[in-house]
Amino acid sequence: MNSSTYNSVFDDCFHSILSAVESANVSNRPFPHFLFQNILPESVYFRLLETFPPIENYSELGKYAGTEGQTRYRCSLTQEGLQGMDSESQAIWKAVRDALGHPTVKATVFRQLSEGLTYRYSVPREEVENVTAYPKTEIYHEKSGYSIKPHPDTRKKVVTMQIALPTDDSQSHLGTEFYRLSPLGLLSKPVGFTKVMTTPFQPNSGYAFVVLNTKFKRSWHGRSELEENSGERNSLLHLYYGDVENGDHEVYEKFYSPTPQLKAAA
């Protein structure tokens, strides 16, 4: 891996991510979340679009895995997931992954989502950044025909965060949909739900929300079917898990282990 490129991209991304999260638009409707823009430096963002991992590095997801109807794929940002790429490209993707996974970024994200984390974990607002969680960042690739029904996410997840990776604004209508349960939803699709908003699927933008999956509060979200002319939908899904085994082991060793390799950004 090209260490010079890694260090430069990591530092630039670290500060850019913090700035975007700190200035994000926070809302509790229909559940605690925030929207952000320009999370990565523009130069880094477009370098990512030019250096996606080879398709053979992606694994198939969903009920159509292994069939011609497959519409969703995932690629990890570990050494294995980035194999076959040149050292420069590997350095860029790993630097972005590590900047997103840095403990200071986690603390900032969690502070912005204090309303939901306080509810879920019954901790004071000033302590939400200390909620135990381990990050994992992966590339997701979806094609026409992809859809996912309203769901709150598994309780294994603490926070779900997604960064859109389109080339321009033409896919802005393809973002994740947030819902709430509603009797009026019996007359619409998805049945039983009312769509509150669609997050903009615009370059270098995205959202984050606290995963709530209780009897009284749930973070209902999903995506209606991508139409034939939707094109490819690429994004970074950055998740925080409550258990270490679900997080990225390389990021854990670097930042979260008892003897981390790197404790702070420059």
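In what order do the eight strands of the open sheet stand? In this predicted model, the order is 1-2-10-7-12-5-4-3, and the pairing is antiparallel. Strand 1 (25-27) and strand 3 (59-61) form the edges; each has a single partner strand, so one side of each lacks a neighbour in the sheet. From one strand to the next, the twist averages 25°.

Within this sheet, strand 5 and strand 12 pair in the antiparallel sense over nine bridges. Pro-135 stands opposite Tyr-240, a residue of strand 12.

The elements discussed in this report have the following residue ranges.

| Element | Residues |
|---|---|
| Helix 1 | residues 3-22 |
| Helix 3 | residues 87-101 |
| Strand 1 | residues 25-27 |
| Strand 3 | residues 59-61 |
| Strand 5 | residues 134-142 |
| Strand 12 | residues 233-241 |

Helix 3 comprises 15 residues and reaches 21 Å from its first C-alpha to its last, close to the 21 Å expected at 1.5 Å a residue. This helix is mostly covered, with 13 of its 15 residues buried. At the start of helix 3, the backbone nitrogen of Glu-88 has a side-chain oxygen of Asp-86 within 3.1 Å.

How values were computed. Residues are numbered from 1 along each chain as its sequence is written. This is a predicted model: local features need pLDDT of at least 70, side-chain atom pairs count only at pLDDT 80 or more; totals for chains, interfaces and linings use all residues. Side-chain values use heavy atoms; hydrogens and water are left out. Helices (H or I, at least four residues) and strands (E, at least two) are DSSP runs, numbered from the N terminus. The expected span of a helix is 1.5 Å times one less than its number of residues. Buried means under 20% relative accessible area, exposed over 50%, partly exposed in between (1.4 Å probe, protein chains only). A polar contact is a pair of N or O atoms within 3.5 Å; within protein, one must be able to donate a hydrogen and the other to accept it, and residues adjacent in sequence count only if both atoms are side-chain atoms. Two strands pair if DSSP finds at least two bridges between them. Axes are lines fitted to C-alpha atoms, for helices over the stretch in contact, and angles run from 0 to 180 degrees between N-to-C directions.
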